[in-house]
Amino acid sequence: MQPSLSLLDTWVVAAYLAGTVALGMWIGRGNRGVEDFLLGGRNLPWWVLLGSIVATETSTATFLSVPGLSYAPGGDFRFLQLAFGYIVGRALVVTWLLPGYFRGEFVTAYQLLRQKFGQGTQRLASGIFLVARNVGDGLRLYLTALAVREAVGLSLPLCVIITGLVTLVYTLFGGMRSVVWNDCVQLVIYLAAALASLVLLIQGLAGGLDEFWSYAAAHHKWRLFDLSCDPSRPYTLWAGVVGGAFLSLGTHGADQMMVQRCLAARNRREAGAALLLSGVVVLFQFALFLALGVGLAAFFAAHPPAAAIDKPDAAYATFIVHHLPRGLVGLTLAGILSAAMSTLSSSLNSSVAAVVGDFGPLLGLGIHRARDPLLWGRLLTIVFGAIQIGLAMAASRLSTSVVNDALAIAGFTAGILFGVFGLGLLPLRVRPAGALTGMVAGLAVLLCIRFGPAHVPADLPAALRTVVAWPWYPVIGSITTMGVGFLVSRFLPDFGDMCHGRATGPDASA
């Protein structure tokens, strides 16, 4: 494959990668221990954490795929309904979950579960996070490498290694401080690339802004609300607000990658400000990406591409390759890398934190007692970096549908993890065995909902083949986990005692 980047674009991308590593190493020079490496000394400003939260939840898929939602025939702004739910969910996290994280010197979100349900639940929740996070981000690394390969013409394995190693190096030396400051830089880069693209799209229309608005109005691109109650439709007001709220409760209230940012804040008030305001920034960010999709639709209607665009997700990539001027192509590619690397670096650091906080004593790593605990943190960073690079390599052998299914399974964790945290918040007695059983039941139900309809025989009722849209997964997972956990604790107390090795019944010792 021949590279499509000009010399100027190549230098822009190279300068970005070198600058990212240099910034990470410079910022991380003050790390003195595990708390510095994992939590930035618990002294990071709220506005830096806000930028890091937004950049972390913005992947390459978001950067390229969200414009495709409004670009597609019949596409519009209905995706934005999900962002309304994100804001609601963040407000609930700040109110219900955040106070608990600041009642102790926690390193991970799951240490809070130990106080309520014991180490078994803590480690199961942390294990679910570790598996889902590293599998999902290994696949995101693979998808990013595909985009880089198309731009620069290198082999896919080499693109995986370059992207993975650059992310690993600045995370390895800089720790949390490097991650959050680089996230902020990356946020600026990819937003600047998106804004520049939108301006050029509008300038490329004969009628300029007037043509942009008239095209959008004529094709109903500004439609925002959908009041349908159809559970198979992902972008309705109910799926957006309810599903988005539950999703945000799971991803920002019970997922180590986001909770770790809150724990790195100076205090609870600043952590709450960063978390809540990040929802507003994400709302405007999604609006920008959707407007970019409308601009792409108007532009390609006036200037049909030489080759048909088969998938809406490919529209922005086609514009980047064939219509952006030199220099800006490199900036946009840097934006794509920024969106990916902010997620991957956060994944590495939060995975290390999960091992340190939840499994360190069990595995005998001696992290808290070692003469050089920082060395252990960096060694674990290398291990997780190698795992994600390996998973990205393996993903190249999978079909696209398998990759999407794996990402969908990783998304199940939001509902399950919030469900077990919700059990801890209930003013009722919930036994450790109930919490563990609820998590297993939540995962089983979600697997049936996700994959079951395709395997239901034709002679059974059609209702069993109903497809449930993905925004409802966190809702179903949370409710199932909490419901089963409560019922097991309420009606099967002996089961809970047996799981913990305690005798029951009349012969039990006092």
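In the residue classes used here, Ala, Val, Leu, Ile, Met, Phe, Trp, Tyr, Cys and Pro count as nonpolar, Asp, Glu, Lys and Arg count as charged, and the others, Gly among them, count as polar. By these classes, the lining of the second largest pocket has eight nonpolar, four polar and two charged residues. The structure is a predicted model, and its chain has 20 helices and zero strands. Of the 510 residues in the chain, 55% are buried, and among the contacts with a separation of 6 or more, 84% are between residues 24 or more positions apart.

**The second largest pocket**

- The second largest pocket has a volume of about 260 Å³, and of the 14 residues that line this pocket, Gly100, Arg103, Leu112, Gly424 and Leu425 are the closest to its centre.
- Helix H5, helix H6 (111–117) and helix H17 (413–425) each supply at least two residues of the lining of this pocket, and H6 gives the most, with five residues.

**The cavity**

- The structure holds one cavity of 30 Å³ or more, and the volume of the largest cavity is about 50 Å³.
- The residues that line the largest cavity are Leu141, Gly164, Thr167, Leu344, Leu348, Gly385, Gln388 and Ile389; by class, four of the lining residues are nonpolar, four are polar and none is charged.
- At least two residues of this lining come from each of helix H8 (156–203), helix H14 (328–363) and helix H15 (373–395), with H15 giving the most, at three residues.

**Threonine 381 in helix H15**

- Threonine 381 lies in helix H15 and has a relative accessible area of 0%, so this residue is buried.
- Leaving aside residues up to four places away in sequence, threonine 381 touches Phe37, Leu168, Thr171, Leu172, Leu348 and Val352; one of these partners, Leu348, is also among the residues that line the largest cavity.

**Aromatic pairs and a cluster**

- The structure holds 17 aromatic pairs, and one of them joins phenylalanine 79 and tyrosine 235, whose ring centres are 5.3 Å apart and whose planes stand at 75°, so the pair is edge-to-face, the term for planes over 60 degrees apart.
- Because phenylalanine 79 lies in the loop between helix H4 (60–71) and helix H5 (81–101), while tyrosine 235 lies in the loop between helix H9 (208–218) and helix H10 (237–253), this pair ties together parts that are 156 residues apart in sequence.
- One aromatic cluster is formed by Tyr71, Phe299, Phe300 and Phe319.

**Arginine side chains over aromatic rings**

- The charged end of arginine 450 sits over the ring of phenylalanine 451, at 5.1 Å from the ring centre.
- Arginine 490 lies over the face of phenylalanine 491, and here the distance to the ring centre is 5.2 Å.

- The phi angle of histidine 220 is near 60°, which is a positive value in a residue other than glycine.
- At 60% relative accessibility, histidine 220 counts as exposed, because the cut-off for this class is over 50%.

Technical notes:
Residues are numbered from 1 along each chain as its sequence is written. This is a predicted model: local features need pLDDT of at least 70, side-chain atom pairs count only at pLDDT 80 or more; totals for chains, interfaces and linings use all residues. Side-chain values use heavy atoms; hydrogens and water are left out. On a 1 Å grid over the protein atoms alone, a cavity is a set of points where a 1.4 Å probe fits but cannot get out, and a pocket is an open set with protein on both sides within 12 Å along at least five of seven lines; lining residues have an atom within 4 Å of a point. Grid points are joined across faces, edges and corners, and a volume is the space filled by probe spheres set on the points. Helices (H or I, at least four residues) and strands (E, at least two) are DSSP runs, numbered from the N terminus. Rings of Phe, Tyr and Trp (its six-membered ring) pair if their centres lie within 6.5 Å; planes under 30 degrees apart count as stacked, over 60 as edge-to-face and the rest as tilted. A charge sits over a ring if NZ of Lys or CZ of Arg is within 6 Å of the ring centre and within 35 degrees of the ring normal. Buried means under 20% relative accessible area, exposed over 50%, partly exposed in between (1.4 Å probe, protein chains only). Contact means heavy atoms within 4.5 Å.
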